[in-house]
Amino acid sequence: MWYWIFTGVFYVIFKCFFSLTVEGLENIPQKSNFIIISNHNSYLDPAVFMAAVRKRIYCIAMQEIYLFTWLKWFLFAMKTIPRGHATQKALDLLMQNKNIGLYPEGGIGRDGQLKEFRSGAVLLAYKTGRPVVPCAIFGTSEALPPGAIIPRLRKLKIRIGKPVFFQKKFDEINDDIELQEGLFKLRNIIKGMLNAG
């Protein structure tokens, strides 16, 4: 219940005060659950996810933000998954047809540049066969830059790309080359979406 209440609140706020635009909503899979990923430049990014995508998403969150007392209740209400022991929980949720959201850079980028990707999204995709939906989020680093507490009124945009499919693997995934190719592919897609503006 809390998820949908906050989703509605975020949507109204972002639409009215930040002129949020959403591109590519038709790319969200309707017949399958999915893994959704994006660049990560601000603490506002998860709220943009929630406002833009009309599906329930269980986000993997940095453990550091659980240290903020004022955020703890919100994180638990949203049923976020603390990074560190998230893989098995995320796998279980995906197999229960739930959607998982994560940031493959592993943390907030401080210079606006897209960092190297970690293997989590590709591993989850290989283990479950669920599609990965790449997204590019624009404007959040200007609206709430690192260190800021009060958001600034800046235009926000999220571009949702077409889902990327990985063939499900039933054995242990030990092929580093295959993982790297998957990471390279996803990172290049998001980089291209960011460069397109």
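This is a predicted model: local features need pLDDT of at least 70, side-chain atom pairs count only at pLDDT 80 or more; totals for chains, interfaces and linings use all residues.
Local features need pLDDT of at least 70, side-chain atom pairs count only at pLDDT 80 or more, and totals for chains, interfaces and linings use all residues. Residues are numbered from 1 along each chain as its sequence is written, and side-chain values use heavy atoms, with hydrogens and water left out.

**View 1. Cys 59 and its closest cysteine sulfur, in Cys 135.** A disulfide is a pair of cysteine sulfur atoms within 2.5 Å, and a search of the whole structure finds 0 of them. The sulfurs of Cys 59 and Cys 135 are 11 Å apart, which is too far for a bond. Cys 59 is buried, at 9% relative accessibility. Here, buried means under 20% relative accessible area, exposed means over 50%, and partly exposed lies in between (1.4 Å probe, protein chains only).

**View 2. Cys 135, a buried residue.** The relative accessible area of Cys 135 is 0%. For this residue, the closest cysteine sulfur belongs to Cys 59.

**View 3. Ser 19, in the loop between α1 (2-17) and β1 (21-23).** Helices (H or I, at least four residues) and strands (E, at least two) are DSSP runs, numbered from the N terminus. Ser 19 is not a glycine, yet its phi is positive, at about 50°. Most residues other than glycine have a negative phi. With 37% relative accessibility, Ser 19 is partly exposed.

**View 4. Asn 97, in the loop between α4 (86-95) and β5 (99-102).** Asn 97, a residue other than glycine, has a positive phi near 65°. Its relative accessibility is 54%, so Asn 97 counts as exposed.
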